[in-house]
Amino acid sequence: MSDSKTPVLTENAPKPLPGIYSQAIKAGGFVFCSGAVAMDPETGKLVEGDIQAHTHQCIKNLTAILEAAGSNINNVVKVNVFLADMDDFAKMNEVYTTYWGDVKPCRTCVAVKTLPLNTDVEIECVAVL
């Protein structure tokens, strides 16, 4: 296995904090995406709406990053979902299940105390190239 890792950067997803993290890293035949919040890449602000609108935007941002890496949403094998409130679980899942192709990836979903920008959901994933 190669020791190399290649950062992924696209203007079609929110910019990463400089010097802190990459949008994603390609390594070993996989794409490891950083957590995505419901930020509009053009405005740098969270999109308006509820947990469902935010879930759509998180996955839209991840899709843009995966495509920039040469992969796509249907190649995702592992997802981690972070919710600010587990009461949002069912509503988030209504949107979540419309993505990822026919074979859904492995997934972990946890509630956390606080998310960046005090949003209600953050999603990260790993995909094959």
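**Pocket and helix pair**

Analyst: The largest pocket holds about 310 Å³ of space. This is a predicted model: local features need pLDDT of at least 70, side-chain atom pairs count only at pLDDT 80 or more, and totals for chains, interfaces and linings use all residues. Residues are numbered from 1 along each chain as its sequence is written, and side-chain values use heavy atoms, without hydrogens or water.

User: Why are H1 and H2 called oblique?

Analyst: The axes of H1 (residues 51-69) and H2 (residues 89-96) cross at roughly 45 degrees and come within 9 Å. Under 35 degrees counts as roughly parallel, over 145 as roughly antiparallel, 65 to 115 as roughly perpendicular, and the rest as oblique. H1 and H2 are therefore oblique to each other.

User: Which residues make the contact of H1 with H2?

Analyst: Contact means heavy atoms within 4.5 Å. H1 brings Ile51, Gln52, Thr55, His56 and Ile59, while H2 brings Lys91, Met92, Glu94, Val95 and Tyr96. By class, five are nonpolar, three polar and two charged. Asp, Glu, Lys and Arg count as charged; Ala, Val, Leu, Ile, Met, Phe, Trp, Tyr, Cys and Pro as nonpolar; the others, Gly among them, as polar.

Technical notes: Axes are lines fitted to C-alpha atoms, for helices over the stretch in contact, and angles run from 0 to 180 degrees between N-to-C directions. Helices (H or I, at least four residues) and strands (E, at least two) are DSSP runs, numbered from the N terminus. On a 1 Å grid over the protein atoms alone, a cavity is a set of points where a 1.4 Å probe fits but cannot get out, and a pocket is an open set with protein on both sides within 12 Å along at least five of seven lines; lining residues have an atom within 4 Å of a point. Grid points are joined across faces, edges and corners, and a volume is the space filled by probe spheres set on the points.
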